[in-house]
Amino acid sequence: MLKGTKQLRHSVDTRLPITYDILVKLVKALPKVIVGIYNQVLLKAMMSTAYFCFLRIGEIAVKTESEIYRVIQREDIKFESVNGHVSNMTITMKFYKHSNLQSKTLSIARRPENYLCPVKAIEEYLRLQNCPHGPLFRFKCGKPVSGFYFNSSLKSLLNFVGLDTNFYKGHSFRIGAATSAAAEVCRKP
């Protein structure tokens, strides 16, 4: 009952959005903050995918090794080609917050002119780690990326670019994507 009563109190969400401009700064800081090209490519793919696909960090990084099936799997990613060139990527989401065990498929167009295109970032990542099964995002040794690693790396990057880590968290990618989408809708006549 005490837990339920505690939830009745309204708490203010202090998390701020990671905007496209902030995402660019974070990705440009990767070589200065994160050791190893592999980990830099991995985190760029994770961050751009989290942002452009409105993902929660728990959908791309594991909490515990026993929950590796709950994150996006390598086999959930498909590429579509036109005239021999990748034009589109689909992600089949099997586990997400309100899934009720019903999968959803996201379709993301490849935008070669976009520095942060998640399709390009995933392609680059998979050239380095092309294990056909299991969690999509994993370290070079094959171990799945943990939420702890992702969040601690994000914290280091935020510190490096001068942003307050009290206000930016893993969920800030999703908040930023939603904020950006809402602003775009409001701009249209």
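Which residues is Thr90 in contact with, leaving aside its neighbours within four places in sequence? The structure examined here is a predicted model, in which local features need pLDDT of at least 70 and side-chain atom pairs count only at pLDDT 80 or more, while totals for chains, interfaces and linings use all residues. Residues are numbered from 1 along each chain as its sequence is written, and side-chain values use heavy atoms, with hydrogens and water left out.

To return to the opening question, the partners of Thr90 are Asp76, Ile77, Lys78, Glu80, Thr105, Leu106 and Ser107, where contact means heavy atoms within 4.5 Å. Thr90 belongs to strand 2, residues 85–93. Helices (H or I, at least four residues) and strands (E, at least two) are DSSP runs, numbered from the N terminus. With a relative accessible area of 12%, Thr90 is buried; buried means under 20% relative accessible area, exposed over 50%, and partly exposed in between, using a 1.4 Å probe and protein chains only.

The helices come next. Two packed helices are described by the angle between their axes and the distance between the axes. Axes are lines fitted to C-alpha atoms, for helices over the stretch in contact, and angles run from 0 to 180 degrees between N-to-C directions. Helix 2 (residues 20–33) and helix 3 (residues 37–52) have axes that come within 9 Å and cross at roughly 170 degrees. The two helices are therefore roughly antiparallel to each other; angles under 35 degrees count as roughly parallel, over 145 as roughly antiparallel, 65 to 115 as roughly perpendicular and the rest as oblique. On the helix 2 side, the contact is made by Tyr20, Leu23, Leu26, Val27, Leu30 and Pro31, and on the helix 3 side by Gln40, Leu43, Lys44, Met47, Ser48, Tyr51 and Phe52. By class, these residues divide into ten nonpolar, two polar and one charged. Here Ala, Val, Leu, Ile, Met, Phe, Trp, Tyr, Cys and Pro count as nonpolar, Asp, Glu, Lys and Arg as charged, and the others, Gly among them, as polar.

Beyond its neighbours within four places in sequence, Ser48 is in contact with Leu23, Leu116, Cys117, Pro118 and Ala121.

Helix 2 also packs with helix 5, at an angle of about 100 degrees and with the axes 9 Å apart. This pair is therefore roughly perpendicular. Leu26, Ala29, Leu30, Lys32 and Val33 in helix 2 meet Leu154, Ser156, Leu157, Leu158 and Phe160 in helix 5, a contact with eight nonpolar, one polar and one charged residues.

What lies inside? A nonpolar core is a set of buried Ala, Val, Leu, Ile, Met, Phe, Trp, Tyr and Cys residues joined through side-chain atoms within 4.5 Å. The largest such core has 48 residues, of which Leu26, Met46, Met47, Tyr125, Phe137 and Phe173 touch the most other members. At least two residues each come from helix 2, helix 3, strand 2, helix 4 (118–128), helix 5 (147–160) and helix 6 (172–187). Helix 3 supplies the largest share, nine residues. Setting aside residues up to four places away in sequence, Phe173 touches Ile18, Leu23, Leu26, Met47, Ala50, Tyr51, Ile57, Phe150 and Leu154.

Across the whole structure, a search finds six aromatic pairs. Rings of Phe, Tyr and Trp (its six-membered ring) pair if their centres lie within 6.5 Å; planes under 30 degrees apart count as stacked, over 60 as edge-to-face and the rest as tilted. Tyr125 and Phe137 have ring centres 5.5 Å apart and planes at 40 degrees, so the pair is tilted. Because Tyr125 lies in helix 4 and Phe137 in the loop between helix 4 and helix 5, the pair ties together parts that are twelve residues apart in sequence. Both Tyr125 and Phe137 are buried. Elsewhere, ring pairs link Tyr20, Tyr51 and Phe52 into a cluster.

Finally, the loops deserve a look. Phe54, in the loop between helix 3 and strand 1 (77–82), has a phi near 60 degrees, a positive value in a residue other than glycine. Phe54 is partly exposed, with a relative accessible area of 33%. Asn83, in the loop between strand 1 and strand 2, has a positive phi near 55 degrees and is exposed, with a relative accessible area of 73%.
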